[in-house]
Amino acid sequence: MSKAPLNVGLVGGGKGAFIVQPHQKAIHFDGTRRVVAAALFPDPKVALEEAANWPYPIKGYGSYDEMIAAGGSSSTNGKLDYIVIVTPNHVHFDPAMKAIKAGIAVLCEKPLCLNLQEANDLVAAVRQYKVPFGVSHTYLGHWTSRLSRYIVRSGLLGEVRWVDSYYLQGWLATKLEATGQMQAAWRTNPKLAGGSGCGGDIGTHALMQLRFVTGLEVAEVSAQLETFVEGRSLDDHFTIYCKLSNGAKALVRASQIAIGHKNDLGIEICGTKGTLRWRQEEPESITIHTVNQPDRIYWRGAVTPGDGFLPKDMPPDLMAEPTIPAGHPEAFHDAYARLHRCFEADIRKWKAGEPFSCDGSKYANIEDGWTGIAFIETCVKSSQAKGGWTPMPKAV
């Protein structure tokens, strides 16, 4: 007999919010998860109206407090197995903490919260209540991100010397927030977004890609947070020179005023034996450069172990992950679905009383979320000191 689908609740997502759409598609992707409840908007009346008009039947709540307190229960849908927080940054901490204490697993949009004190409290709560917790760094869900991680961490490129990890956009090249555009308005407001605009929004993705693929940590930063659009309250250009934990150097950079760039996240990793290049706008392949050898391009779904570069004994779980044959592109929604699928696996272990790890190998965990906040606060501090080298705080 097939297992009953996991019940999922949404915190946020009403009134045309963007990020809820890929999440709900990903939740329903495999037929093993379903959205059954939601608190979609801060105004209770609007929240209930939005739920009543949702594309499929859900139990609407006037607030996330009500939904969490009820566990999302209804006569037809049962209790919640996890919630997905898709609100602006300033409404991440409170519902996450309340869900943790209620024994409900949490998948939270990034960045984790507003500041390091909140991040410390969330880490402590997750460890105390032993609840599965994930942070939605989408691009870790691309299969080619997983392959890149295997290649680099297996030492196939030798020792990492240099990393360039970037995320470039152009959508905030003008003062879009002045027009009332919802996405721009909250992302450029320090009270809603936190201490960094561009860095918190997309610089954290570039940092996470570096850490996930290489396994290295940022030890010190020399940061420049810049604001090119006159009158904007937060940075729209983010350039961070980094010393890594193995002695290598890295550039973590992001921009939202780079006209012509859409969602141009990419990474280049230079080792003593070769270089790996990957871009999420072309997520079906990675390119490997080695000394005195032809360049190798590996396509998702068409990787052959034992080809002279890759070993014969590649991990079976990695090789089994592609969902469709090569040439039928996976993309953004598939990456989200892979994160939810992996999160589901840990939740099912947790519900069965079995050991689960949330170890960061399949999706970002609470410690990864903490590191993102620590990185942003350290970069702000360094930038205020005119780029002075500033150490990252010790991990909790």
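Biologist: How many of the 19 residues of helix 12 are buried?

Modeller: This is a predicted model, where local features need pLDDT of at least 70, side-chain atom pairs count only at pLDDT 80 or more, and totals for chains, interfaces and linings use all residues. Residues are numbered from 1 along each chain as its sequence is written, and side-chain values use heavy atoms, with hydrogens and water left out. Buried means under 20% relative accessible area, with exposed over 50% and partly exposed in between (1.4 Å probe, protein chains only). Helix 12 is largely enclosed by the rest of the structure, because its buried residues number 15 of 19.

Biologist: What distance does helix 12 reach from its first C-alpha to its last?

Modeller: Helices (H or I, at least four residues) and strands (E, at least two) are DSSP runs, numbered from the N terminus. The expected span is 1.5 Å times one less than the number of residues. For helix 12 the expectation is 27 Å, and the reach is close to it, at 27 Å.

Biologist: At the start of helix 12, which backbone nitrogen does a side-chain oxygen of asparagine 365 reach?

Modeller: A polar contact is a pair of N or O atoms within 3.5 Å; within protein, one must be able to donate a hydrogen and the other to accept it, and residues adjacent in sequence count only if both atoms are side-chain atoms. Here the oxygen comes to within 3.1 Å of the nitrogen of glutamate 367.

Biologist: Which residues of helix 5 are buried, and what covers them?

Modeller: The buried set is Leu116, Glu118, Ala119, Leu122, Val123, Ala125 and Val126. Contact means heavy atoms within 4.5 Å. The cover includes helix 4 (93-101), strand 6 (133-136) and helix 12 (366-384).

Biologist: Which residue just after helix 5 takes a positive phi?

Modeller: At the other end, the start, a side-chain oxygen of asparagine 115 reaches to within 3.2 Å of the backbone nitrogen of glutamine 117. Just after the helix, phi is about 55° at lysine 130.

Biologist: At what angle do helix 6 and helix 9 pack?

Modeller: Axes are lines fitted to C-alpha atoms, for helices over the stretch in contact, and angles run from 0 to 180 degrees between N-to-C directions. Helix 6 (residues 143-153) and helix 9 (residues 198-214) have axes 7 Å apart, and the angle is about 50°.

Biologist: How many residues of helix 1 are buried?

Modeller: Helix 1 spans residues 20-27 and is mostly covered. Its buried residues include Val20, Pro22 and Ile27.
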